[in-house]
Amino acid sequence: MSTTTTSVKTDKEVVEKNESKPSVGLSGRKIVYDKDGKPCRTCNTLQDFQFVTAGLTPAAAAVAVPVPAKKVEAEPSSPCNTIAGGYSKDYPPDVEVLGKSSWTLLHSIAATYPENPTSKEQQDLKQFVTLFGNFYPCWFCKADFVKYIEKNDPQVNSQDKFGKWLCEAHNEVNVKLGKPKFDCNLWKQRWKDGWDNDK
Ligand SMILES: Cc1cc2nc3c(=O)[nH]c(=O)nc-3n(C[C@H](O)[C@H](O)[C@H](O)COP(=O)(O)OP(=O)(O)OC[C@H]3O[C@@H](n4cnc5c(N)ncnc54)[C@H](O)[C@@H]3O)c2cc1C
């Protein structure tokens, strides 16, 4: 009787087996591939994704994929930027659009979470954060976020505790990306009350 061995590839192996493909994008960031070997749309910037899917060398890409000085908004009235029904032709989210939108949702949830939550609300929020992590669309972001939750139990017994816990979790990613840490004493001004001089 013969036995079949199946090997489960680790994420590291998945990244490394793509040696023949570009490993660094035009942004200078490492190109992230999915388990099937295709570039991960939600793990790379849109520019890097387009660079790697076009199969260009960096030199050719410098000519073929011009880097806009700033993001150019689609002209809704222009026929080439619209699809039937009048929606603008937006791209699926890259790692940055997805990240910013997700943090906005999470911090806004903190801002509207009760100051004195019931035990059911606490249980639900903890479950939500865990499931959110498990389903986060960028796989390598997800892996680190899930590990963070395992080591740092979500603090859900008051609005302020959750807001600060989330701020620390966000700072963990900021540090990983070389960005400055946000002062977590200011999380409510940023996400709930607004800044003093706005009043
Ligand atoms: C769970 C999760 C994991 C991620 N992991 C990765 C990853 O591994 N690699 C990767 O490249 N990207 C990751 N991202 C995306 C990354 O965090 C950013 O969202 C993305 O780089 C865009 O950054 P940004 O400069 O637009 O601002 P963001 O970091 O998206 O922040 C949006 C706004 O939040 C405010 N803010 C910043 N820090 C804090 C804080 N600590 N607390 C409260 N408010 C704050 C600021 O006003 C900022 O303008 C992750 C996103 C999420 C939601």
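This is a predicted model: local features need pLDDT of at least 70, side-chain atom pairs count only at pLDDT 80 or more; totals for chains, interfaces and linings use all residues.
Student: What makes up the protein chain, in helices and strands?

Tutor: The protein chain has 8 helices and 0 strands. Along the sequence, the pattern reads α-α-α-α-α-α-α-α.

Student: Why is α5 called roughly antiparallel to α6?

Tutor: Take the angle between them. Helix α5, residues 119-134, packs with α6 at about 150°. Angles over 145 degrees count as roughly antiparallel. So α5 is roughly antiparallel to α6. Their axes lie 8 Å apart.

Student: Which residues meet where α5 packs with α6?

Tutor: From α5 come Val129, Thr130, Gly133 and Asn134. From α6 come Lys142, Phe145, Val146 and Ile149. By type, the residues of this contact are 4 nonpolar, 3 polar and 1 charged.

Student: Which residues of α7 are buried, and what do they pack against?

Tutor: Phe162, Gly163, Trp165, Leu166 and Cys167 are buried. The buried residues of α7 pack against α4, α5 and α8. After α7 comes glycine 178, with a positive phi near 75°.

Student: Why does tryptophan 103 count as partly exposed?

Tutor: Count its neighbours. Tryptophan 103 has 15 C-beta neighbours inside 10 Å. Buried needs 20 or more, and exposed needs 12 or fewer. The count falls in between, so tryptophan 103 is partly exposed. Tryptophan 103 sits in helix α4.

Student: How far apart are tryptophan 103 and cysteine 167, in sequence and in space?

Tutor: In sequence, 64 residues separate them. In space, their C-alpha atoms are 9.6 Å apart.

Student: How many residues surround the ligand, and which are the closest?

Tutor: The ligand has 22 residues around it. The closest are Gly99, Cys141, Cys167, His170 and Phe182. Cys167 is also one of the buried residues of α7.

Student: Which helix gives the most to the shell around the ligand?

Tutor: That is α4, with 7 residues. At least two residues each come from α4, α6, α7 and α8. By type, the shell holds 11 nonpolar, 6 polar and 5 charged residues.

Technical notes. Residues are numbered from 1 along each chain as its sequence is written. A residue is near a molecule or strand if its C-beta atom, placed from the backbone, lies within 6 Å of it. Helices (H or I, at least four residues) and strands (E, at least two) are DSSP runs, numbered from the N terminus. Ala, Val, Leu, Ile, Met, Phe, Trp, Tyr, Cys and Pro count as nonpolar, Asp, Glu, Lys and Arg as charged, and the others, Gly among them, as polar. Axes are lines fitted to C-alpha atoms, for helices over the stretch in contact, and angles run from 0 to 180 degrees between N-to-C directions. Angles under 35 degrees count as roughly parallel, over 145 as roughly antiparallel, 65 to 115 as roughly perpendicular and the rest as oblique. Two residues are in contact if their C-beta atoms, placed from the backbone, lie within 7 Å.
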